[in-house]
Amino acid sequence: MPIKSIPPIGILLLLLAVAAATAENNKGTYIVHMAKSEMPGEFVDHTRWYDASLKSVSGEAEMLYAYTNVVHGFSTRLTPAEARSMEARPGILSVLPESIYELHTTRSPSFLGLDQNAAMFPESDSASDVIVGVLDTGVWPESPSFDDTGFSAVPSSWRGECEIGTNFTKSNCNRKLIGARYFARGYEATLGPIDETKESRSPRDDDGHGTHTSTTAAGSVVSGASLFGYAAGTARGMAPRARIAAYKVCWIGGCFSSDILAALDKAIDDNVNVLSLSLGGGMSDFFRDSVAIGAFAAMEKGILVSCSAGNAGPTSYSLSNVAPWITTVGAGTLDRDFPAFVSLGNGKNFSGVSLFKGGALPAKLLPFVYAGKVRGKIVLCDRGVNPRVQKGSVVKEAGGLGMVLANTAANGDELVADAHLLPATTVGETTAKQIKDYLFSDSNPTATVLFEGTKVGIEPSPVVAAFSSRGPNSITPQILKPDLIAPGVNILAGWSGAVGPTGLAEDARRVGFNIISGTSMSCPHVSGLAALLKAAHPDWSPAAIRSALMTTAYTAYKNGKVIQDVSTGKPSTAFDHGAGHVDPVSALNPGLVYDLETEDYLNFLCALNYTASQINSLARRNFSCVAGKSYSVNDLNYPSFAVSVEARGGVVKHTRTLTNVGPPGTYKVSVASDDSVKIAVEPQSLTFGQSNEKKSYSVTFTAGAMPANANGFGRIEWSDGKRVVGSPVAVSWV
């Protein structure tokens, strides 16, 4: 039948059928989870069993990776039909499609009190024995932040290596950067061979993000660091004596879960102590989330895993990386700013921020426009979806002399500085409205931009960044996330020599250090601080280290006011800042910790009603929840409380256990809450006679009147008169 004789609905159905057939024949990458205990006796090696299982459904398919530590299974390319056939095979737990993750793109040590209290942290061999593994875009080994002067031999515990590749040799590693690997099989299987004219098929960082995160976590001390003179001073990572191992998993096209799992697999083999992942993807159940799966295996090996919370704030329920065995980090500001003022023709000046360094504007007011012909003028641009620096590049290319970038409601009054390609400043939404009032009402508007350099002592600080992702936790609302916040706005750290500070192709400038923002920056702060605590307390579990960081975090300024949320200008809540802003000096001696073991997390999975197969996919073992046993998410020994209530008068009970990691003493409890919830703790005091002694308590939450936003907040603190062990409380009506 000629096509023209087919009715329109028939053509549509035909096209849909063709598309479906095409999709059915198209191959995609899948992660195959196997029940290792069901391996037939004729196979001595599990990889041979994996290969035989694969060949039974596809004669031409090959394994991309065979995993050992993070997953019992492998990754491969299959058609949807082959994937369904594979899932029906004996010994197969699940066959999950690959996910693509994305990056969550010198004053930090001083702001956190590390400079003044350096003597409290170990500078001995214990500090240099700690290894921080960073999964990111690789490293620029020539950065002075990787200088190994004064470092002793590589720790004997290290089992990794320095892989060679494009523009990268074994000599690029040293006693500071002790290992570097790259993982690209999953990426190349989907997008084809890496274009080595655009990025290095090696651990070399052509993006800058990986160099920035790794040097934030554990960069060596570098004097005279700055970006074009901004933030001048000494740059140093949070744990400057720790070693760094780089795992390149992110490429121009993204970070593929098969590669991430392979990197986590190797990092565990390599014997890292802390893992830092400034990346995230969509929300999914833990047994489907590759980062959560890999982090579970790392946790079992005593490795703390720190992840960025995401940059999707200030929207609620916008968090990434919310598994309770992951430390989830949101972003706050420093007490440092880079002011650049907009001076208008009506005599008014408005404050913005900028990192521009270059030729000055003419010493006069210039024509000021919002749209139209821009040559020779200063242009007002609204912040939108495309990169902020790209807007300035477009203005410059069109002949504009300068730019005022105006925040919209989506970003409020949050100010993030950029190394613009032309004289430019960013202003907040409130300021932007006033500038627009002048621009649209004056018949001959004029303006200029004045740059003020670096200012410190900015108050209030910190404030929660508007971009920092927020709770509640959409996967398990009974677990409060983020865990805490750390500096993530305008952070100075090492940079790649392959790209300019804006990351734009047209930016020919090259810098040794760059200032960028994101929870990508706050995550490695906590990773490095965890390394410091690991050096000081080698026997502490990942849960104990996280607990110390959380229970000593602060939620108020010295004047007693709650940390501000820059997106609203109002006090932030536990859904914004978690337990509060990290305070590493206090975390060194927390007094008490909330500890957790693998079995606690397995019971938590039972409380989520996970099947035996789902638990096996995640935890790589046969573990059956006991029939008839009552499991409760509320009993997970977490350092914070997220309480779900249904109505006024509703009662919810939680139990917790504290472990003494300080001297003997008696801790008394105090509670605070708004009118929406009543908090009762029993017993009200706990006495510890020796180190590692454990004592339990219960908390009863009774719901009051539901607030307008259906959320209430409180706090529980235990104190011996010297130390305060604090836990945030967030109550949600469901």
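What covers the buried residues of helix H17? In this predicted model, the cover includes strand E1 (28-34), strand E4 (92-97), helix H9 (290-300) and helix H16 (598-607). Helix H17 spans residues 612-619, and its buried residues are Ile-615, Asn-616, Ser-617, Leu-618 and Ala-619.

Helix H16 is largely enclosed by the rest of the structure, because 7 of its 10 residues are buried. These buried residues are Thr-598, Tyr-601, Leu-602, Phe-604, Leu-605, Cys-606 and Ala-607. They pack against H9, helix H13 (542-551) and H17. A positive phi is also found just after H16, where Asn-609 takes a value of about 65°.

Cys-606 is joined to Cys-625 by a disulfide with an S to S distance of 2.0 Å. Cys-606 lies in helix H16 and Cys-625 in the loop between H17 and strand E33 (641-645), so the bond ties together parts that are 19 residues apart in sequence. The torsion about the S-S bond is about -95°, and the disulfide is therefore left-handed. Cys-606 counts as buried, at 4% relative accessibility, whereas Cys-625 counts as partly exposed, at 29%.

The structure holds 3 disulfides. With bonded cysteines counted along the chain, they follow the pattern 1-2, 3-4, 5-6. A disulfide also joins Cys-162 to Cys-173, with an S to S distance of 2.1 Å. Cys-162 and Cys-173 are 11 residues apart, and each is in the loop between E6 and E7. Their link is right-handed, with 80° about the S-S bond. Cys-162 is buried at 7% relative accessibility, and Cys-173 is buried at 15%. In the disulfide of Cys-250 and Cys-255, the sulfur atoms are 2.1 Å apart. The link of Cys-250 and Cys-255 is right-handed, with 110° about the S-S bond, and both cysteines are buried.

Cys-307 is buried, at 0% relative accessibility. Cys-523 is in no disulfide and is likewise buried, with a relative accessible area of 0%.

Strand E10 (residues 243-248) is mostly covered, with 6 of its 6 residues buried. In a regular strand the side chains alternate between the two faces of the sheet. In E10, Arg-243, Ala-245 and Tyr-247 point one way, while Ile-244, Ala-246 and Lys-248 point the other way. E10 pairs in the parallel sense with strand E6 (residues 131-136) over 6 bridges, and Leu-135 stands opposite Tyr-247. E10 also pairs in the parallel sense with strand E7 (residues 177-182), over 5 bridges. Here Leu-177 has Ile-244 as its bridge partner.

Two spans carry domain annotations in UniProt. An unreviewed entry lists "domain: Inhibitor I9" for residues 29-104. That span is 24% helix and 36% strand, and its end C-alpha atoms lie 23 Å apart. The annotation "domain: PA", also from an unreviewed entry, covers residues 373-435. The span 373-435 is 27% helix and 22% strand, with its end C-alpha atoms 19 Å apart.

His-46 is located in helix H2 (residues 46-55) and counts as buried, at 15% relative accessibility. Leaving aside residues up to four places away in sequence, His-46 touches Lys-36, Met-39, Tyr-67 and Thr-68. His-46 and Tyr-30 are 16 residues apart in sequence, and their C-alpha atoms are 18 Å apart in space.

Definitions and conventions: Residues are numbered from 1 along each chain as its sequence is written. This is a predicted model: local features need pLDDT of at least 70, side-chain atom pairs count only at pLDDT 80 or more; totals for chains, interfaces and linings use all residues. Side-chain values use heavy atoms; hydrogens and water are left out. UniProt positions are given in the numbering used here, feature names are shortened, and annotations may be inferred rather than shown by experiment. Helices (H or I, at least four residues) and strands (E, at least two) are DSSP runs, numbered from the N terminus. Buried means under 20% relative accessible area, exposed over 50%, partly exposed in between (1.4 Å probe, protein chains only). Two strands pair if DSSP finds at least two bridges between them. Contact means heavy atoms within 4.5 Å. A disulfide is a pair of cysteine sulfur atoms within 2.5 Å.
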